[in-house]
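Subject: Structure handover and notes

Hello,

Here is the structure we discussed. Please open it first, then read my notes below.

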Amino acid sequence: MSATINCQEFADYFAVPVQNKMKPAYVFEVGGQPHAIEEYYLNDLGHIHRGGLSAHLLEEPVITKDIYEVAVSLIQMFDDLDMKENRNKTWSGAQFVSERSSVLVFLPGLGEINYMHELLTNMVHRRLQVYPLHSSVTLEEQNNVFLSPVPGYRKIILSTNIAESSVTVPDVKYVIDFCLTRTLVCDEDTNYHSLRLSWASKTSCNQRKGRAGRVSKGYCYRLVYKDFWDSSIPDHAVPEMLSTVLKVKLLDMGEPRALLATALSPPSLSDIERTVLLLKEVGALAVSGQREDENPHDGELTFLGRVLAQLPVNQQLGKLIVLGHVFGCLDECLIIAAALSLKNFFAMPFRQHLDGYRSKGSFSGNSKSDCIALVEAFKAWQARRQRGELRHPKDELDWGRLNYIQIKRIREVAELYEELKNRISQFNMCVGSRRPVMDQEYTHKQRFILQVVLAGAFYPNYFTFGQPDEEMAVRELAGKDPKTTIVLKHIPPYGFLYYKQLQSLFRQCGQVKSIVFDGTKAFVEFSRDPTERFKTLPAVHMAVKMSQLKVALELSVHPAEEIEGKVQGGAVSKLRGIRVNVDFQKQTVDPMQVSFNTLDRSRTVTDLLLSVDVTEVVEVGHFWGYRIDERNSEILRKLTAEINRLKLVPLPVHPHPDLVCLAPFADLDEESYFRAQILYVSGNSAEVFFVDYGNRAHVALSLLMEIPSQFLELPFQALEFKVCKMRPSAKSLVCGEHWSGRASGRFASLVSGCPLLVKVFSVVHSVLHVDVYRCSGAQDAVNIRDVLIREGYAELTEESYESKQSHEALTALFPKSAESGLDGCVPSAAQDDGKQLIRVLLESFSSNRLGAPTCKVMLHGPFNPYELSVTV
């Protein structure tokens with residue numbers, strides 16, 4: 001809240017009649033400004049930026065590159081100004097250098113702070129200590145602004161309006177004000193509230209000016225023209241009116257328009273009328289519509305309105321609490337209301353936003369909801385405190401740092417949470433203790449109810465995921481799986497040489513499975529648990545977030561001409577346009593075919609009819625298995641015999657997720673080893689996935705063995721299946737996305753106990769979309785999808801664009817390629833030649849025969865077409 005008020009306006013408002021004249025109230029002035037503050041505008045800074053600035057452009061609430069440069073030039077100029085002021089003093093030069101005054105720069109938001117921070121940190125020779133000040137940075141980072149700078153350095157504070165009145169830094173001598181702020185604006189047509197860049201009021205700017213001149217003479221530089229300041233900068237900020245109108249109705253003081261017309265600064269009639277209509281839409285004011293003489297801009301206060309008027313939160317959060325009471329999720333809604341009313345307790349350390357985002361994402365689970373992340377984080381903190389795990393303040397702070405949660409703020413949320421509980425108790429709304437529920441789907445159902453309540457409370461202000469253009473997405477990703485893959489652009493020639501650099505750039509997102517280099521693009525695919533449902537990986541969300549945060553992705557590279565001049569007399573130039581696949585699981589770097597297409601992907605199938613045994617059910621319609629025909633059974637027998645004939649050796653590296661090794665299967669009578677992929681490691685054991693059969697098991701780490709390289713080359717024999725043209729029916733949906741427990745149980749009973757016959761419809765990202773038939777005894781084959789539809793668990797749906805494309809290719813392919821085998825396309829002589837050249841080039845690079853990289857390349861991305869389909 002600003003400490004600056006218009007005294008004369010108050011004096012005139014409280015005027016009293018004396019001798020037929022209105023005499024204003026007395027104003028007592030107390031002098032308290034110890035030091036003068038000089039004001040400057042862009043008109044006064046022509047000597048700093050001689051290029052000239054367009055007055056027309058500067059009338060828009062935006063910061064141009066030229067204005068940033070003016071601010072940087074001002075900071076460079078302050079050394080001369082300090083020297084000029086101290087010229088007549090007797091200080092020594094060294095003593096003067098240690099007394100460089102601090103600068104406070106007011107910017108409208110975090111994006112502008114980031115950009116200014118980058119400009120200033122590049123000025124190394126200027127000896128600056130730059131600190132951000134924003135509500136989302138940690139409290140420890142905020143406290144840095146009060147520290148004394150290193151002798152000889154100047155402290156620069158980049159702040160939003162948080163430093164207008166709530167923070168005072170005594171040693172600030174210079175204020176640079178962009179005269180901008182971000183305000184919550186309601187769109188009159190859509191009623192959507194958004195933070196919009198706008199000009200700050202003169203009251204706010206004067207408050208900012210007052211941050212200087214606390215201990216010495218101060219200077220304030222406003223980066224607007226003087227005539228624009230006089231004519232276009234608003235005098236005051238527009239106050240929020242919803243709570244004011246509610247209070248008027250609660251106190252039964254008459255029609256809001258009539259009462260507010262007598263206010264000190266009366267709002268416009270249109271604003272009052274729009275506020276009343278908005279309260280009717282929320283449900284705080286009654287809408288009867290029965291009497292013709294009824295005032296459309298007034299209404300009776302409803303029960304909801306009375307509750308909202310008593311709560312120290314905005315109307316949407318108050319409605320959220322009431323809906324939470326009605327639908328049985330009051331506790332969660334109280335947490336959300338308390339957290340959103342105060343500052344976000346999730347810490348976003350400066351330049352570490354990705355780590356903070358990861359922590360918040362882990363709390364939100366699959367919901368992608370900030371509100372649910374707040375609930376889960378608060379409950380986790382609450383549960384640990386109740387168990388006594390955070391009894392010591394240091395333990396609590398350590399937990400907060402680990403989870404990127406600000407303990408001081410979450411305690412404030414807890415206090416408001418308790419206050420809200422007390423306030424709503426007068427309306428007989430109480431948080432009750434829930435009884436243990438035997439329903440396994442209870443948690444999912446409660447989550448879904450909470451999401452419905454959130455939608456109702458915030459209507460119409462929320463986002464939904466729209467349907468992406470599948471054809472465009474397939475073309476952009478060159479056929480790769482959008483749930484596991486992101487695209488990078490501007491890859492330099494011979495980009496595969498830098499695959500380790502590229503892998504390290506995304507290490508903070510997740511485990512990279514493979515990278516395909518195709519011209520100036522690279523397709524980075526992340527590893528997924530083979531037994532997970534079909535969903536976008538968190539690693540993909542993290543990578544796209546990197547792009548949104550504008551995280552710089554930089555490679556140190558060699559010029560293409562230098563590579564071609566040093567390796568095999570330029571023969572490697574053949575590799576300029578070649579497509580290269582780097583497989584981190586198999587640790588191979590190999591040339592690929594020129595392009596992905598549906599025909600190539602379909603060659604993983606040797607026949608359209610397969611006999612399979614199901615080994616792992618992921619969910620209804622999604623399962624793993626292996627072929628049980630005579631040919632495939634013989635392949636598996638030979639493979640198992642060859643593996644168990646060898647003298648096995650322990651793993652040479654510590655077990656980690658995605659590592660392919662040999663593991664025993666405990667259910668067999670005798671201990672036999674099979675090829676397996678580690679899913680995760682926990683203590684002294686690991687969960688592994690048997691890549692030739694499709695099942696999984698827990699195995700002691702000491703029993704895992706190294707896999708010889710020759711067994712990595714043979715394709716994995718387990719197959720992943722998905723029943724085509726099927727989706728859950730309404731009664732089988734839990735939380736909008738999960739199959740119900742009954743549907744899962746019924747599907748498991750249908751696919752277990754006997755071999756299945758599957759008919760391949762398509763192959764999409766190595767997953768076989770199939771019709772599944774159960775053959776038992778002398779009965780005819782039964783289509784499992786038809787059974788699920790007939791019993792009401794499922795319903796028909798269309799296949800995706802990629803699946804339809806693959807189906808057309810398969811229809812044209814069979815029976816001609818029935819003998820093509822599971823190995824895919826046979827490498828040509830040209831591919832063998834390319835493989836040899838790649839090996840030579842990689843050896844030259846790793847042995848440093850090319851010398852140190854001399855160029856820097858900035859990559860564009862990451863991109864994922866499916867992650868951009870968000871609509872308001």
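Rings of Phe, Tyr and Trp (its six-membered ring) are taken as a pair if their centres lie within 6.5 Å. With that rule in hand, Y40, F78, Y174, Y219 and Y221 form one aromatic cluster. Please keep in mind that this is a predicted model.

**Overall**

The chain has 872 residues, and 46% of them count as buried. It holds 29 helices and 34 strands. Among contacts with a separation of 6 or more, 71% are between residues 24 or more positions apart.

**Aromatic pairs**

How many aromatic pairs does the rule give? The count comes to 24. Two of these deserve a look.

Y68 and F178 form a tilted pair. Their centres are 6.0 Å apart, and the planes make an angle of 50°. Y68 belongs to helix α2 (residues 65–85). F178 is in the loop between β7 (172–177) and β8 (180–186). The pair therefore ties together parts that are 110 residues apart in sequence. Are the two residues buried or exposed? Buried means under 20% relative accessible area. Y68 is at 7%, so it counts as buried. F178 is at 3%, so it counts as buried too.

F345 and F346 also form a tilted pair. Here the centres are 5.2 Å apart, with 40° between the planes. F345 has 0% relative accessibility and counts as buried. F346, at 2%, counts as buried as well.

**Charges over W229**

Go to W229 next. The charged end of R222 sits over its ring, 4.1 Å from the centre. K202 also lies over the face of W229, at 5.6 Å from the ring centre.

**A helix pair**

Two packed helices are described by the angle between their axes and the distance between the axes. For helix α14 (residues 353–364) and helix α15 (residues 370–386), the angle is about 85° and the axes are 7 Å apart. An angle of 65 to 115 degrees counts as roughly perpendicular. α14 and α15 are therefore roughly perpendicular to each other. Which residues make the contact? From α14 they are K360, F363 and S364. From α15 they are D370, I372, A373, E376, A377 and A380.

Strands of a sheet pair through backbone hydrogen bonds, either parallel or antiparallel.

S682 stands opposite S685 in β22.

**R727**

R727 is in strand β25 (residues 726–728). Its relative accessible area is 42%, so it counts as partly exposed. What does R727 touch, leaving aside its neighbours within four places in sequence? It is in contact with W739, A794, E795, L796 and T797. R727 and W739 are twelve residues apart in sequence. Their C-alpha atoms are 9.2 Å apart in space.

**Backbone points to check on screen**

- G861 and P862 are joined by a cis peptide bond, with omega about 0°. P862 is in strand β33 (residues 860–863).
- Y404 is not a glycine, yet it has a positive phi of about 55°. Y404 lies in the loop between α16 (393–403) and α17 (407–425).
- H765 is also a residue other than glycine with a positive phi, near 55°. H765 is in the loop between β28 (756–764) and β29 (767–774).

Best wishes

Note on methods
Residues numbered from 1 in each chain as written. Predicted model: local features only at pLDDT ≥ 70, side-chain atom pairs only at ≥ 80, totals over all residues. Heavy atoms only, no water. Pairing = 2+ DSSP bridges. Helix = DSSP H or I, 4+ residues; strand = E, 2+ residues; numbered from the N terminus. Phe/Tyr/Trp six-rings, centres within 6.5 Å; stacked < 30°, edge-to-face > 60°. Buried < 20%, exposed > 50% of the residue type's maximum accessible area, 1.4 Å probe, protein only. Lys NZ or Arg CZ within 6 Å of the ring centre and 35° of its normal. Axes fitted to C-alpha atoms, helices over the stretch in contact; angles between N-to-C directions. Parallel < 35°, antiparallel > 145°, perpendicular 65-115°, else oblique. Contact = heavy atoms within 4.5 Å.
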